[in-house]
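Open the model in your viewer and keep the selection panel at hand. We will go stop by stop: select, look, move on.

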Amino acid sequence: MDLWFSEFHTPNIKLSIKVDKQLYSGRSEFQRIDVFSSEEFGRFLTLDGYMMLTERDEFIYHEMIVHVPMAVNPDIDNILVIGAGDGGVLRELSKYGTIHKIDIVEIDEEVVRVCKEFLPQTACGFDDPRVNVFYQDGLKFVRRCENKYDLIIVDSTDPFGPGEGLFTKEFYGNCYKALTDNGIMVNQCESPFYAEDRAAMQRAHKRIVDSFPISKVYQAHIPTYPSGHWLFGFAAKTLHPIRNYDGAAWEKLGIKTDYYNTELHSAAFALPNYVEELLKNVEGIV
């Protein structure tokens, strides 16, 4: 009998992956955690039945959420990561010798433990000695911070369950307060394609626009995420993701990537017309 993992992207659309073996299944205080292995995508992690990452395509997500802001401000020194219990964001940040400290706040310690055991190529980021792990609620943690971080990376799950609070106006306002004058916040911003994801994207964008003077959206193609068309948010107090970007300076760092490059950086902010319209439809709403 064949075993398949299936995730419904809408009531009428689902992604199915043939599973070779289920490596782990358990429930933490917050959610159900599963790890599967497959021929096509390697090992993959799901939380409450929703795809979080696969070994085959996780590099796209993690490179785009990390290297875009790092290339805009080469002086980033002190970083806060919220979520990211799989360690992929930390792995990409560890490529920068200029960073002094990386604080990561993850609500679910069990996710970190499982990823370290079953997804070591991603979770290796936790081995960096500059990483400090706090098993807390990210919303509560950031409330206590002011003018502290040069970069905040919000690598949250979808806007329900444990990740719901990381999509609120209060949270984005607290992130603004926690950033230094040249601080940047980046976040995963859902997909613009299917109706439910599209509405969540618009809500998040509206709240970020209300909190930051500079708020831009960029995109990447991630095959195992709903529709494959995925968005990220770039928000800052003073730095613009294109005007303040120096691709030549970033290339001199010699950082190896498999998806991100200097030409892609600017191109990622060139959005399809239908996405631009979705964003403009909420930007002017008071």
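**Stop 1: two helices**

Select helix α7, residues 195-211, and helix α10, residues 273-283. Their axes come within 9 Å and cross at roughly 50 degrees. That angle makes α7 oblique to α10, because it falls in neither the roughly parallel range, under 35 degrees, nor the roughly perpendicular one, 65 to 115. The crossing of α7 past α10 is right-handed.

Now show side chains at the contact. On α7, pick Arg198, Met201, Gln202, His205, Lys206 and Val209. On α10, pick Leu278, Leu279, Asn281, Val282 and Glu283. Colour the contact of α7 with α10 by class: 5 residues are nonpolar, 3 are polar and 3 are charged.

Keep in mind that this is a predicted model.

**Stop 2: aromatic pairs**

How many aromatic pairs does the structure hold? There are 15. We visit two.

Start with Phe5 and Phe36. Their ring centres are 5.7 Å apart, and the planes stand at 40 degrees, a tilted pair. Phe5 sits in strand β1 (residues 3-10) and Phe36 in strand β4 (residues 32-38), so this pair ties together parts 31 residues apart in sequence. The cut-off for buried is under 20%.

Next, select Tyr218 and Phe232. The ring centres lie 5.2 Å apart. The planes are at 20 degrees, so this pair is stacked. Tyr218 belongs to strand β12 (residues 214-221) and Phe232 to strand β13 (residues 229-236). The two are 14 residues apart, and their pair links distant parts of the chain. Tyr218 is buried at 0% relative accessibility. Phe232 is likewise buried at 0%.

**Stop 3: positive phi**

Now turn to the backbone. Most residues other than glycine have a negative phi. Two residues here call for a look.

Go to Ala84, in the loop between β7 (78-83) and α2 (88-93). What is the phi of Ala84? The value is near 60 degrees, positive in a residue other than glycine. Ala84 is buried, with a relative accessible area of 4%.

Then jump to Ser227, in the loop between β12 and β13. Those two strands also carry Tyr218 and Phe232 from the previous stop. The phi of Ser227 is near 75 degrees, again positive in a residue other than glycine. Ser227 has a relative accessible area of 30% and is partly exposed.

**Stop 4: across the sequence**

Last, select Leu264 in helix α9, residues 262-267. At 23% relative accessibility, Leu264 counts as partly exposed. Which residues does Leu264 contact, leaving aside its neighbours within four places in sequence? Met64 and Tyr259.

Key. Residues numbered from 1 in each chain as written. Predicted model: local features only at pLDDT ≥ 70, side-chain atom pairs only at ≥ 80, totals over all residues. Heavy atoms only, no water. Axes fitted to C-alpha atoms, helices over the stretch in contact; angles between N-to-C directions. Helix = DSSP H or I, 4+ residues; strand = E, 2+ residues; numbered from the N terminus. Parallel < 35°, antiparallel > 145°, perpendicular 65-115°, else oblique. Left-handed = near helix turned anticlockwise from the far one by under 90°. Contact = heavy atoms within 4.5 Å. Nonpolar A, V, L, I, M, F, W, Y, C, P; charged D, E, K, R; others polar. Phe/Tyr/Trp six-rings, centres within 6.5 Å; stacked < 30°, edge-to-face > 60°. Buried < 20%, exposed > 50% of the residue type's maximum accessible area, 1.4 Å probe, protein only.
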